[in-house]
Amino acid sequence: MFAAASATSAVQFQFRGGGRPLSTTIPRKKHNHSLVSSRLKLPDSLPCILRYPDELYSMVRLKLALTVSEKQIPAEPPHWRFCYSTLYKMDGSHLIIQQIDEDVRDAFCIYALVLRALDTIEDDSTIATEVKVPILQTFHRRIRDGNFHFSNGAKYYKALMENFHHVTTAFLELDCRFQEVIEDITMKMGAGMAKFICKEINTIDDYDEYCHYPVGLCMIGASKMYSVSRGKSLASEDLSNAMGLFFQKVDTIKDYPDDINMMPNPRMLWPRQIWGKYVDKLEDLKNEDNSAKALLCLNEMVTNALTHVEDSLKYLSTLPDPAIFRGIAIFKVIEFGTLALCYNNIEVFRSGVGLRPGLAAKIFYNTSSMSDVYEAVHDFSFILESKISDNNPNDKVTRSLIDTIKKCCRSSLTSNQRKSYII
Ligand code: MG
């Protein structure tokens with residue numbers, strides 16, 4: 001969820017770490033974010049480009065900026081080169097970290113890599129529970145262990161786990177206060193993940209608690225990291241957690257096909273308190289015979305995620321740092337658009353859904369202020385509202401939440417709302 005930047009600032013970015021001059025540039029699971037994939041799938045997106053030609057310019061602009069920035073990853077020392085090149089490859093984190101001031105950028109880079117390594121352990125369903133749980137519980141101590149490595153994950157995650165000594169070397173070069181925050185958040189996150197390896201997500205309270213560990217804590221830790229360098233927090237813990245819960249819940253909804261089909265064991269992150277109303281087993285939602293029930297369940301999951309939108313808007317509106325604001329705001333808009341796309345969409349249970357890369361690129365360049373966020377969220381609220389049918393048992397709750405979100409956006413907008421986003 002660490003996100004984004006403008007291409008202009010991206011190509012002007014300067015790394016600096018450990019006292020070395022590094023002239024370079026860089027502009028959640030699932031690690032196939034629309035914004036990141038936009039740099040990978042331009043040719044595949046031709047049909048969408050022809051249908052939405054206004055997105056072409058943003059897409060090409062973003063692709064060029066990312067290509068330039070990739071070439072500017074620092075050449076030395078090798079451990080920092082490994083850290084930044086891994087960060088660049090793995091997800092959208094580099095897009096927010098590139099925005100952060102030089103004096104704390106290295107710390108946020110290592111923070112993101114350590115948490116991603118922890119998540120790679122958590123996500124690997126091939127690791128036996130009796131092996132995985134103690135690793136998660138002690139991972140905060142392994143950050144300092146220059147001999148720690150683990151053979152799991154795939155592609156760049158595999159490289160991260162097998163070459164973790166580079167992360168350790170870079171971690172030990174950070175200010176001790178950053179090291180303490182990273183260790184503390186890693187310890188709490190690892191303990192929480194271990195708890196839910198052994199425990200089913202039954203109630204909505206369980207669901208909120210689980211979502212707190214991988215992303216709520218990450219957002220809280222980001223605020224503490226900022227506090228180390230600036231003497232003040234980014235935001236309160238409650239609002240940071242709300243932002244994290246929103247991000248995690250959108251991912252949990254759209255990642256249903258990946259999670260339920262995971263081998264050798266499915267991951268079941270939807271709460272039984274919701275899906276148990278509609279089917280006997282969570283995997284039954286993917287059966288075509290259960291499509292009507294699956295949509296009702298999905299819409300209740302989306303409605304649950306909507307409960308965090310108002311607080312996540314408050315979170316964004318209070319961020320004191322414009323660069324960090326922009327990075328998180330872009331992801332917020334993309335994730336809210338994704339939630340609108342998911343509502344009442346049976347493809348969530350089939351091939352999966354995600355915003356068009358071109359639309360994600362357009363959001364990337366159109367999101368720089370709180371007004372931009374309010375306008376986009378207002379647009380997507382209308383789209384989601386248009387998909388609510390009256391025979392849905394949760395329609396009144398969903399409409400009420402959407403009304404609150406629209407009022408929140410309208411009260412803060414200075415111009416008439418526009419409808420510039422189409423999903
Ligand atoms: Mg995970």
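Modeller: The expected span of a helix is 1.5 Å times one less than its number of residues, where helices (H or I, at least four residues) are DSSP runs numbered from the N terminus. This is a predicted model, in which local features need pLDDT of at least 70, side-chain atom pairs count only at pLDDT 80 or more, and totals for chains, interfaces and linings use all residues. Residues are numbered from 1 along each chain as its sequence is written.

Colleague: How do you know that the length of helix 7 agrees with its 22 residues?

Modeller: Helix 7 (residues 102-123) should span 32 Å at 1.5 Å a residue, and because its end C-alpha atoms are 31 Å apart, the two values agree.

Colleague: What makes helix 7 largely enclosed by the rest of the structure?

Modeller: A residue is buried if 20 or more other C-beta atoms, placed from the backbone, lie within 10 Å of its own; 20 of the 22 residues of helix 7 are buried, so the helix is largely enclosed. Of the 423 residues of the protein, 50% count as buried.

Colleague: Why are helix 4 and helix 19 called roughly perpendicular?

Modeller: Helix 4 (residues 56-70) and helix 19 (residues 357-366) pack at an angle of about 80 degrees, with their axes 8 Å apart. Angles of 65 to 115 degrees count as roughly perpendicular, and the pair is therefore given that name.

Note on methods: A residue is buried if 20 or more other C-beta atoms lie within 10 Å of its own, exposed if 12 or fewer, and partly exposed in between; C-beta atoms are placed from the backbone. Helices (H or I, at least four residues) and strands (E, at least two) are DSSP runs, numbered from the N terminus. Axes are lines fitted to C-alpha atoms, for helices over the stretch in contact, and angles run from 0 to 180 degrees between N-to-C directions. Angles under 35 degrees count as roughly parallel, over 145 as roughly antiparallel, 65 to 115 as roughly perpendicular and the rest as oblique.
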